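The tour moves from the whole chain to single residues, with a selection at each stop.

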Amino acid sequence: MKRLVETATPKDISALERHVLASRDIATQIGDPFLSYLLSMALFTIYEKKAQHENEALKSSFG
């Protein structure tokens, strides 16, 4: 997941986030805690990258 997120554009990351959120919701509904956990970790990676993009955008707007 980390490799996929590293090469993704901000638009791709947003789409990936929606898909992972939907998948995690399904895993939770069917009662698969391990899959839900793995998808939560994937979301964490996605949120880290989104924050990095936002920080870069802020730096470029002030710099």
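The stops below begin with the conventions and the overall chain, then proceed to individual residues.

**Conventions**

This is a predicted model, in which local features need pLDDT of at least 70 and side-chain atom pairs count only at pLDDT 80 or more, while totals for chains, interfaces and linings use all residues. Residues are numbered from 1 along each chain as its sequence is written, and side-chain values use heavy atoms, with hydrogens and water left out.

**Stop 1: the whole chain**

Display the chain as a cartoon. It contains three helices and zero strands, in the order α-α-α from the N terminus. Helices (H or I, at least four residues) and strands (E, at least two) are DSSP runs, numbered from the N terminus.

Next, show the C-alpha trace alone. Along its principal axes this trace spans about 50 × 20 × 15 Å. The radius of gyration of the chain is 14 Å, whereas a compact globule of 63 residues would have a value near 11 Å. That radius is taken over C-alpha atoms, and the globule rule is 2.2 Å times the number of residues to the power 0.38.

The accessible surface comes to about 4800 Å², and 60% of it belongs to carbon and sulfur atoms. Such areas come from the Shrake-Rupley method with a 1.4 Å probe; for residues, only the protein chains shown count as cover. Of the 63 residues, 22% are buried. Here buried means under 20% relative accessible area, exposed means over 50%, and partly exposed lies in between (1.4 Å probe, protein chains only).

The chain has 8 positive and 8 negative charges, and their mean positions are 4 Å apart. Lys and Arg count as positive and Asp and Glu as negative, with His and the chain ends not counted. Each charge is placed at NZ of Lys, CZ of Arg, CG of Asp or CD of Glu.

Contacts may be drawn next, a contact being heavy atoms within 4.5 Å. Among contacts between residues at least 6 apart in sequence, 53% join residues at least 24 apart.

**Stop 2: helix H3**

Select residues 33–62. This is helix H3, with 30 residues and a reach of 43 Å from its first C-alpha to its last, close to the 44 Å expected at 1.5 Å a residue. The expected span is 1.5 Å times one less than the number of residues in the helix.

Which residues of H3 are buried? They are Ser 36, Leu 39, Ala 42, Leu 43, Thr 45, Ile 46 and Lys 49. An α-helix has 3.6 residues a turn, so residues three or four places apart point the same way. The cover over the buried residues of H3 includes helix H1 (2–6) and helix H2 (10–30).

**Stop 3: Ser 36 and Arg 24**

Select Ser 36, in helix H3. Ser 36 counts as buried because its relative accessibility is 14%. Beyond its neighbours within four places in sequence, Ser 36 is in contact with Arg 24, Ala 27 and Thr 28.

Move across to Arg 24, in helix H2. Its relative accessibility of 24% makes Arg 24 partly exposed. With neighbours within four places again left aside, Arg 24 is in contact with Ser 36, Leu 39, Ser 40 and Leu 43.

**Stop 4**

Select Glu 17, in helix H2. Is Glu 17 buried or exposed? Glu 17 is buried, because its relative accessible area is 13%. Not counting residues up to four places away in sequence, Glu 17 touches Leu 43, Ile 46, Tyr 47 and Lys 50.

Continue to Lys 50, which belongs to helix H3. Lys 50 is partly exposed, at 25% relative accessibility. Under the exclusion of residues up to four places away, Lys 50 touches Ile 13 and Glu 17.

**Stop 5**

Select Thr 45, in helix H3. Thr 45 is buried, with a relative accessible area of 18%. Its contacts, not counting residues up to four places away in sequence, are Met 1, Lys 2 and Val 5.

Finish at Leu 4, in helix H1. Leu 4 is partly exposed, at a relative accessible area of 47%. The C-alpha atoms of Leu 4 and Leu 16 are separated by 9.6 Å, and the two residues are twelve apart along the chain.
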